[in-house]
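Work through the exercises below with the sequence and model open. Try each task before reading its solution.

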Amino acid sequence: MNFEFFNPTHLIFGAGSLSRLGAVAQGVGKRALLVTGGGSVKRSGVFDRAVASLQAAGVTVTECAGVEPNPHIATVRRGVQTAREAQCDLVIALGGGSAMDAAKVMAAAALEQRDPWEMMAHNPAGYRPPAQALPIITVPTLAATGSEMNNGAVISDPEAKVKTFVQAACLYPHSAIVDPELTVSVPTDQTAYGVCDLITHVTEGYFNGADATPLQDRFAEGVILTAMTHGPKAVANGDDIEARAQVQWASVAALNGWVQAGANPAGFPVHMIEHTLSAHHNITHGAGLAVVNPAWMRFAARHNTPKFVQFAERIFGLSSNGPDDLDCALAGIDRFEAFLREIGCPTRLSEVGIGAELLDRYAADTLTGIVAYQGKLGGRPPMAHEDIVTVLRAAL
């Protein structure tokens, strides 16, 4: 179990912490590019509060609005041009995972003299992540992606129907201001999708990582149980600030690297398959994960049965006849899928408008770009083209 852990992001967590944005930004830069999404931050008043805090601290603001769900590379390019023209020395993301991901790539491309798509993993000329970026501050308004405290970003090219990612040390935010009060206005469905998203971040490492990592397993199980305990409360009552806070903290912990440290996951196959689906159909990421994850689990449980038995026992309290009890493993997956349905997530491709016509295309696209294990998708087990089709067919 050899590993390194590094996360330099300064986390400021708690209700009311948005008021500290100006003071934090003042110590980093003077001219901020403020990256936002579709307008909910303005309707809720969060945008005005953020701008007021920044201006009171002497930080000028240039807005880059309109970042889409599954953020488009064209929008990233627009933000880079805006940042350069305004001579911004700081990038602030105010919104959900899409705003944060777009802001990270904007911050890097503003300094590097190349097109931002050249930094992405699916770049035809080869994966060349950035080496430098403007300082980044993240202010999430949704508990889901964990992008506020990690070094990754996911960007889409809707014309090419490609959704890809980048990871680099320079993309770690300088600071993350995580205020659970900002999530109170999140709609019920988006709250549920966020719960699924954060759980999937953990299950990817839990099921695809190394064996003999007992502490990491307990970290992962703790995040899952916290999300499953408080997630339904946040869905049922958006004003429940305690539930919102617990889900938000679980979201941060799920993908800031801490849970996965030492587990060294072989891949994030559920995410890679979902990226293809949302690239083709622009579905909400968390909804797509809710469809793919249970189907993938049933496939993987036959290859790594003991870990799925452990999941069934520790998360749902089921009893097994031993570590190779496949029936117990599958029963745990059934319970997990039922939980997703209970909080309002789809669990079938048909529920998100996807049929069986293009399953081979989805499998082929998933294997394009970053491929490990001699042409197979990374994970336990590695997945060939026909394995991906099998999982997708099971999700119909």
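At 43% relative accessibility, Thr229 counts as partly exposed. Buried means under 20% relative accessible area, exposed means over 50%, and partly exposed lies in between (1.4 Å probe, protein chains only). Thr229 sits in helix H7 (residues 214–236). Helices (H or I, at least four residues) and strands (E, at least two) are DSSP runs, numbered from the N terminus. From C-alpha to C-alpha, Thr229 and Val247 are 9.0 Å apart in space and 18 residues apart in sequence.

The model is predicted: local features need pLDDT of at least 70, side-chain atom pairs count only at pLDDT 80 or more, and totals for chains, interfaces and linings use all residues. Residues are numbered from 1 along each chain as its sequence is written, and side-chain values use heavy atoms, leaving out hydrogens and water.

**Exercise 1. Check the span of helix H5, then decide how enclosed H5 is.**

Step 1. H5 covers residues 97–109, which is 13 residues. The expected span is 1.5 Å times one less than the number of residues. That should give 18 Å, and the end C-alpha atoms are 18 Å apart, which agrees.

Step 2. Of the 13 residues, 12 are buried, so H5 is largely enclosed by the rest of the structure. Among the buried residues are Asp101 and Lys104.

**Exercise 2. Find what Asp115 pairs with, and where the partners lie.**

Step 1. Apply the rule: a salt bridge is a side-chain nitrogen of Lys or Arg within 4 Å of a carboxyl oxygen of Asp or Glu. The count by this rule is 14 salt bridges.

Step 2. Asp115 meets Arg77 at 2.7 Å, N to O. The pair links distant parts of the chain, 38 residues apart: Asp115 is in the loop between H5 and strand S5 (136–140), and Arg77 is in helix H4 (residues 73–85).

Step 3. Asp115 is partly exposed at 27%, and Arg77 is partly exposed at 36%.

**Exercise 3. Trace the salt-bridge network that includes Arg298.**

Step 1. Arg298 bridges to Asp334, with the closest N and O atoms 2.8 Å apart. Arg298 lies in helix H10 (residues 285–300) and Asp334 in helix H12 (residues 326–342), so the pair ties together parts 36 residues apart in sequence.

Step 2. Arg341 and Glu337 also form a salt bridge (3.3 Å, N to O). Both lie in helix H12, four residues apart, about one turn of the helix. Glu337 is buried at 5%, whereas Arg341 is partly exposed at 44%.
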